[in-house]
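Let's take a walk through this one, with the viewer open as you read.

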Amino acid sequence: PSAATLGNEPSVAVFLSERHTKGEDLKAYQRAIGWQRQIQHIFKVDAKADCLTRFASGPVWTFLCMAFIILNIIVIGVETQLTTVHSINQALSGQSRSASS
């Protein structure tokens, strides 16, 4: 067998070098289209801005808003589920009363 393969299977060294090359290709692609620069400047705030502006433009405010949105989705889902179950139970109990009369 050659150094690159062991039988029909590629060696670990070849696999790791291909994986490393693909990772570098992705990083080069991201740099070429400007993703790296955009991500670095996503929370950049003017140093002369007031405290409220710096807070609202920073990552803390962004993640706080995301947390509240997710929490709101959960609360609305639970509320909808409970309202639906309550309405179905009322409808079914009304049907059973009218059937027994």
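Where is the place of Val60? Val60 sits in helix H4. Bear in mind that what you're looking at is a predicted model, so confidence will come up again further down. On accessibility, Val60 counts as exposed, because its relative accessibility is 53% and the cut-off for exposed is over 50%. If you want a distance to check, pick Phe43, which is 17 residues away from Val60 along the chain: the two C-alpha atoms are separated by 9.9 Å.

Leu64 is also found in helix H4. This leucine is partly exposed, with a relative accessible area of 37%.

Now for the patch that takes in both of these residues. Leu52, Phe55, Val60, Trp61, Leu64, Phe68, Leu71 and Val75 make a nonpolar surface patch of about 780 Å². Helix H3 (51-56) and H4 are the elements that give two or more residues to this patch. H4 brings the largest share, with six residues.

How many aromatic pairs does the structure hold? There is one, and Phe55 and Trp61 form it. A pair of this kind is described by the distance of the centres and the angle of the planes. Here the ring centres are 5.7 Å apart and the planes meet at 65°; edge-to-face requires over 60 degrees, so that is how this pair is classed. Phe55 is partly exposed, at 36% relative accessible area, and Trp61 is partly exposed too, at 37%.

Zooming out, the protein chain has four helices and two strands. Read from the N terminus, the elements run β-β-α-α-α-α. As for burial, 4% of the 101 residues count as buried. The chain exposes about 9,000 Å², and carbon and sulfur atoms supply 65% of that area.

Finally, back to confidence. The chain averages a pLDDT of 77, with 64% of the residues scoring at least 70. Which elements have the lowest and the highest mean pLDDT? The lowest belongs to strand E1 (residues 5-6), at 48, while helix H4 (residues 59-100) has the highest, at 91. Over residues 1-6 the pLDDT is below 50, and this stretch has eight contacts in the model beyond near neighbours in sequence.

Methods: Residues numbered from 1 in each chain as written. Predicted model: local features only at pLDDT ≥ 70, side-chain atom pairs only at ≥ 80, totals over all residues. Heavy atoms only, no water. pLDDT = per-residue confidence, 0-100. Contact = heavy atoms within 4.5 Å. Phe/Tyr/Trp six-rings, centres within 6.5 Å; stacked < 30°, edge-to-face > 60°. Buried < 20%, exposed > 50% of the residue type's maximum accessible area, 1.4 Å probe, protein only. Areas by Shrake-Rupley, 256 points an atom, 1.4 Å probe, with all protein chains shown as cover. Patch = residues over 30% accessible without salt bridge, like charges linked within 9 Å, V, L, I, M, F, W, Y side chains within 5 Å. Salt bridge = Lys/Arg side-chain N within 4 Å of Asp/Glu carboxyl O.
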